[in-house]
Amino acid sequence: MHTTEPVVLDHDPAALEVLWQALEPESHGPTVSIRAVMLASVDGTTTVDGRSGGLGTPTDRLVYDAMRARADVILVGSGTALEEGYGPARIAEVWSGRRDSPAPPVIVLTRSLPDRLIEHCVKAGDGVQIAAAAHTPPERIAAAREVGVTVHVMRNGEYAESLRALLTDLGVGAVTFEGGPRLLGEFLTARLVDELVLSVAPEIIVGARGPGLVIGGEEKRIPMRVAAAFSCPRGGLYTRWVVDDERRPDGSRKVNGAGKGTEGILADEAGTNG
Ligand SMILES: NC(=O)c1ccc[n+]([C@@H]2O[C@H](COP(=O)([O-])OP(=O)(O)OC[C@H]3O[C@@H](n4cnc5c(N)ncnc54)[C@H](OP(=O)(O)O)[C@@H]3O)[C@@H](O)[C@H]2O)c1
């Protein structure tokens, strides 16, 4: 694990390498891997005056840009794409030497496909596309396609499976998912997210108006473990978390080896049998 030793990131190639390595995904392979990227203040607020940019720092920007440089595709919720005025992705110069292919497309997830989103995508050009849910009204899809917007339509079925199937059909492996909090809640609940790259902005917002990291329906605890963490002298904490299916919310861990379908032996984080 990358530790909390501070690194000065600006133009130091060694520090940039540390950051790049800290963002290396835990598992590689032919399957789709979805990594969420979020920014929150210490109290967990994700926006100031309706946008995340108010919380940003230069180091957070490096993390965000690196995750885009690592992606085959960028997924984002319709709420975020509209609020934040999403345009086509670009590869930041600082990371351009680490990527051969052009910038990944941005795919906006929607169910209702409102006029506002269609107009937004027309202005943005083909670098911003749409993934419509299976039940999105066909006339909405036709309206978007008529004005030249690329619309991918998910298959019928459970949302998580349909989205994974779409991503597989598109031939992508590394997916960077940029929120927002509503979709992140849905994705975590549906076990769609493999990792969370979370930048903690160096401030607390008292009386925050913005949403927290996740907005959700029913209470659900998602076990996570930290895979990389470091701070920077200007403040802020940069972390990479892995959704830990093997760990239970109480901290105990399922140990492999017991027969299929059984609970397994419980061990605490230090590895002591319980
Ligand atoms: N700090 C950060 O890191 C960060 C990151 C992202 C966003 N934000 C902030 O969060 C706010 C927007 O986030 P949000 O949570 O309101 O919106 P969101 O999660 O970005 O988008 C929600 C929309 O996604 C679409 N959608 C498609 N499939 C869905 C599904 N299965 N379940 C739920 N929604 C689905 C729906 O769009 P339709 O209505 O089109 O059907 C829904 O209204 C903005 O203020 C933005 O600045 C902060």
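**Stop 1: the whole chain**

Now colour by confidence instead. The average pLDDT is 87, and 85% of the residues score at least 70. Select residues 255–274, where the pLDDT is below 50; beyond near neighbours in sequence, this stretch has 24 contacts in the model. Where pLDDT is low, the predicted coordinates should not be read in detail.

Of the chain's 274 residues, 34% count as buried. Take the contacts between residues at least 6 apart in sequence: 66% of them join residues at least 24 apart.

**Stop 2: around the ligand**

Select the ligand and bring up its surroundings. Its shell holds 31 residues, and the closest are Gly77, Gly79, Gly179, Gly180 and Arg182. Which elements give two or more residues to this shell? They are strand S1 (33–41), helix H3 (78–83), strand S3 (106–110) and helix H7 (181–189). Colour the shell by residue type and you get twelve nonpolar, twelve polar and seven charged residues.

Stay here and zoom in on Gly179 and Gly180. A cis peptide bond joins the two, with omega at about 5°. Gly180 sits in the loop between strand S6 (174–177) and H7.

**Stop 3: along H7**

What do they pack against?

Just after H7 comes Arg191, with a positive phi of about 60°, although Arg191 is not a glycine. Its loop runs between H7 and strand S7 (195–201). Is Arg191 buried or exposed? It counts as exposed, because it has 12 C-beta neighbours inside 10 Å, and 12 or fewer is what the label asks for.

**Stop 4: into the core**

The largest nonpolar core has 62 residues, and Ala36, Val108 and Ile130 touch the most other members. In soluble globular proteins, nonpolar side chains tend to be buried together.

Select Val108 and list its contacts. Leaving out residues up to four places away in sequence, Val108 touches Val76, Ser78, Ala81, Leu117, Val128 and Ile130.

Then go to Val37, in strand S1. With 24 other C-beta atoms within 10 Å, Val37 is buried. Beyond residues up to four places away in sequence, Val37 touches Tyr64, Met67, Thr176, Glu178 and Val197. Try the distance tool on Val37 and Leu196: they are 159 residues apart in sequence, yet their C-alpha atoms are 5.9 Å apart in space.

**Stop 5**

Leu117, one of the contacts of Val108, leads you to helix H4 (residues 115–124), where Leu117, Ile118, His120 and Cys121 are buried. Turn the view until you look down the axis of H4: the buried residues fall within an arc of 160°, so they line one face of the helix.

Turn to the face pointing away, and you'll find the exposed residues Asp115, Arg116 and Lys123. After H4 comes Gly125, whose phi is positive, near 90°.

**Stop 5: two loops to finish**

Select Asp49, in the loop between S1 and helix H2 (58–69). Its phi is near 55°, a positive value in a residue other than glycine. Most residues other than glycine have a negative phi. Asp49 is exposed, with 8 other C-beta atoms within 10 Å.

Last, select Ser27, in the loop between helix H1 (13–22) and S1. Ser27 also counts as exposed, with 9 C-beta neighbours inside 10 Å.

Terms used
Residues numbered from 1 in each chain as written. Predicted model: local features only at pLDDT ≥ 70, side-chain atom pairs only at ≥ 80, totals over all residues. Near = placed C-beta within 6 Å. Helix = DSSP H or I, 4+ residues; strand = E, 2+ residues; numbered from the N terminus. Nonpolar A, V, L, I, M, F, W, Y, C, P; charged D, E, K, R; others polar. Core = buried A, V, L, I, M, F, W, Y, C linked by C-beta atoms within 7 Å. Buried ≥ 20, exposed ≤ 12 C-beta atoms within 10 Å, placed from the backbone. Contact = placed C-beta atoms within 7 Å. Arc of directions from axis to C-beta. pLDDT = per-residue confidence, 0-100.
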